[in-house]
Amino acid sequence: MVEWMSGVGFEAARRYAPTEAYHGHSFVAKARGMGVDSTTLRDALRAICAPWQYQDLSAQFTTPDDATLAQALADGLQQSLGFAHHISLRSAPDFGVELAPDGTPIHWLTDEFSAAHFLPNVPDGHQCGRLHGHGFKVRLLAAMSVNDLKQAWLPLREILHNAYLNDIDGLHNPTSESLTDWLWQRLPHLHAVEVFETRTAGSRRDVGGWTIWKEQCFEAAQPMVENGRYTGHSYLARLYLSGTPDDFAGWIRDFADVKAVFKPLYQQLDHYALDAVAGLKRYDCANIAQWLATQLAPQLPELSAIEIFENAHDGARWSAR
């Protein structure tokens with residue numbers, strides 16, 4: 001299954017009560033769906049958001065909060081495109097809202113903590129077997145207000161920040177998967193939790209289980225068939241693997257293994273023209289994702305999805321189901 005993705009930004013002010021001061025946001029609205037390409041999806045989002053650009057949202061909505069705006073996005077997409085899937089709205093760099101399939105607003109919050117660890121069960125000589133550290137990022141998603149989510153998170157952050165993770169009860173083997181499960185067990189009302197071990201790799205835990213991801217950027221030229229010219233993009237490829245962590249290793253797959261499997265394909269894509277890539281017949285994000293899935297699936301049986309972005313918002317997602 002392939003879906004297209006897009007997003008748009010807009011600037012607006014709001015206040016929640018007549019006695020409150022106005023405050024402004026740089027919003028980002030995103031959506032994903034089948035049957036339309038990213039350009040059509042982006043144009044639809046722009047049309048919905050256009051009346052909000054540089055406006056007072058309080059004059060247009062009784063309660064101009066993130067959930068209300070996300071629902072307005074969903075209603076607008078349903079009317080213009082006939083679907084409203086995977087709607088999200090970011091109102092600040094560290095919080096926003098997503099709409100669950102049933103329309104429930106799922107608020108999310110991101111925060112960071114710094115910690116040291118090592119992985120005791122890796123093979124001899126593995127870099128993660130040495131004591132090292134990370135600047136971790138956490139994203140928590142729940143059907144509760146951002147303030148309630150923050151209050152639930154802060155006591156756990158006190159435990160994790162500037163800590164030696166191996167000494168914390170339940171984290172003797174602190175892989176990304178272990179960290180997400182540790183938080184999942186201690187924040188029982190979560191919709192999902194994500195831990196970014198680095199800027200390009202992390203893990204998610206939700207009711208369906210675990211998913212990890214690994215990102216890689218590549219630079220490539222894209223032929224513009226309609227006029228015979230080329231353009232180019234700085235692409236981002238994000239590989240998702242789902243499954244149950246190994247009881248001993250504590251992970252679904254070593255991030256280094258995922259990178260190594262992807263490397264031969266990366267070498268075919270990076271600093272090349274896409275029409276020179278064997279087996280790639282069309283050159284949009286959807287077909288790049290499908291081509292990668294065909295190449296990677298035999299070596300990565302845990303592969304569940306691939307996202308390809310040609311810029312910060314526009315791209316496509318292949319998923320195994």
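User: In which kind of crossing does H3 pass H4?

Analyst: This is a predicted model, and in the model H3 passes H4 in a right-handed crossing.

User: Which residues make that contact?

Analyst: From H3 the contact uses Trp153, Leu156, Ile159 and Leu160. From H4 it uses Leu179, Trp182, Leu183 and Arg186.

User: What's the angle between H3 and H4?

Analyst: H3 covers residues 146–160 and H4 covers residues 176–186. The two helices pack at an angle of about 140 degrees, and their axes are 11 Å apart. That angle makes H3 oblique to H4.

User: Staying with H4, how many of its residues are buried?

Analyst: 8 of the 11 residues of H4 are buried, so the helix is mostly covered.

User: Which ones?

Analyst: The buried residues of H4 are Ser176, Glu177, Ser178, Leu179, Thr180, Trp182, Leu183 and Trp184. Of these, Leu179, Trp182 and Leu183 are also in the contact with H3.

User: What covers them?

Analyst: The cover over the buried residues of H4 includes H3 and H5. It also includes the strands E7 (132–142), E9 (190–198), E10 and E11 (209–224).

User: E10 came up there. Where is aspartate 206 placed?

Analyst: Aspartate 206 is in strand E10, which spans residues 201–206.

User: What does aspartate 206 touch?

Analyst: Leaving out residues up to four places away in sequence, aspartate 206 touches Trp184, His191 and Ala192. Trp184 is one of the buried residues of H4. The side chain of aspartate 206 also has a polar contact of 3.1 Å with the side chain of arginine 204.

User: Back to helix pairs. At what angle do H5 and H6 pack?

Analyst: H5 and H6 (residues 285–296) pack at about 140 degrees, with axes 10 Å apart. They are therefore oblique to each other. H5 passes H6 in a right-handed crossing.

User: Which residues meet there?

Analyst: Val261, Phe262, Leu265, Gln268 and Leu269 in H5 meet Trp291, Leu292, Gln295 and Leu296 in H6. This contact divides into 7 nonpolar residues, 2 polar and no charged.

User: And at roughly what angle do the axes of H1 and H2 cross?

Analyst: The axes of H1 (residues 38–49) and H2 (residues 66–81) cross at roughly 125 degrees and come within 10 Å. H1 and H2 are therefore oblique to each other. The crossing of H1 past H2 is right-handed.

User: Which residues make the contact?

Analyst: On H1 they are Thr40, Leu41, Ala44, Leu45, Ile48 and Cys49. On H2 they are Ala72, Leu73, Gly76, Leu77, Ser80 and Leu81. The residues of this contact divide into 9 nonpolar, 3 polar and no charged.

User: New topic. Where is tyrosine 54 found?

Analyst: Tyrosine 54 is in the loop between H1 and strand E3 (55–56). Phi of tyrosine 54 is near 55 degrees, which is a positive value in a residue other than glycine.

User: Is tyrosine 54 buried or exposed?

Analyst: Tyrosine 54 is exposed, because its relative accessible area is 65% and the cut-off for exposed is over 50%.

User: Where does histidine 271 lie, and what is phi there?

Analyst: Histidine 271 lies in the loop between H5 (255–269) and strand E13 (272–273). Its phi is near 60 degrees, again a positive value in a residue other than glycine. Histidine 271 counts as exposed, at 64% relative accessibility.

User: What about glutamate 3, buried or exposed?

Analyst: Glutamate 3 lies in strand E1 (residues 2–14). It counts as buried because its relative accessibility is 6%, and buried means under 20%.

User: Which side chain does the side chain of glutamate 3 make a polar contact with?

Analyst: The partner is the side chain of arginine 32, at 2.9 Å. Beyond its neighbours within four places in sequence, glutamate 3 is in contact with Arg32, Gly33, Met34, His86, Ala316 and Arg317.

User: Last one: where is tryptophan 108 found?

Analyst: Tryptophan 108 is in strand E6 (residues 105–117), and at 7% relative accessibility it counts as buried. Tryptophan 108 and lysine 150 are 42 residues apart in sequence and 9.6 Å apart in space, C-alpha to C-alpha.

Terms used: Residues are numbered from 1 along each chain as its sequence is written. This is a predicted model: local features need pLDDT of at least 70, side-chain atom pairs count only at pLDDT 80 or more; totals for chains, interfaces and linings use all residues. Side-chain values use heavy atoms; hydrogens and water are left out. Axes are lines fitted to C-alpha atoms, for helices over the stretch in contact, and angles run from 0 to 180 degrees between N-to-C directions. Helices (H or I, at least four residues) and strands (E, at least two) are DSSP runs, numbered from the N terminus. Angles under 35 degrees count as roughly parallel, over 145 as roughly antiparallel, 65 to 115 as roughly perpendicular and the rest as oblique. A crossing is left-handed if the near helix is turned anticlockwise from the far one by less than a right angle, and right-handed if clockwise. Contact means heavy atoms within 4.5 Å. Ala, Val, Leu, Ile, Met, Phe, Trp, Tyr, Cys and Pro count as nonpolar, Asp, Glu, Lys and Arg as charged, and the others, Gly among them, as polar. Buried means under 20% relative accessible area, exposed over 50%, partly exposed in between (1.4 Å probe, protein chains only). A polar contact is a pair of N or O atoms within 3.5 Å; within protein, one must be able to donate a hydrogen and the other to accept it, and residues adjacent in sequence count only if both atoms are side-chain atoms.
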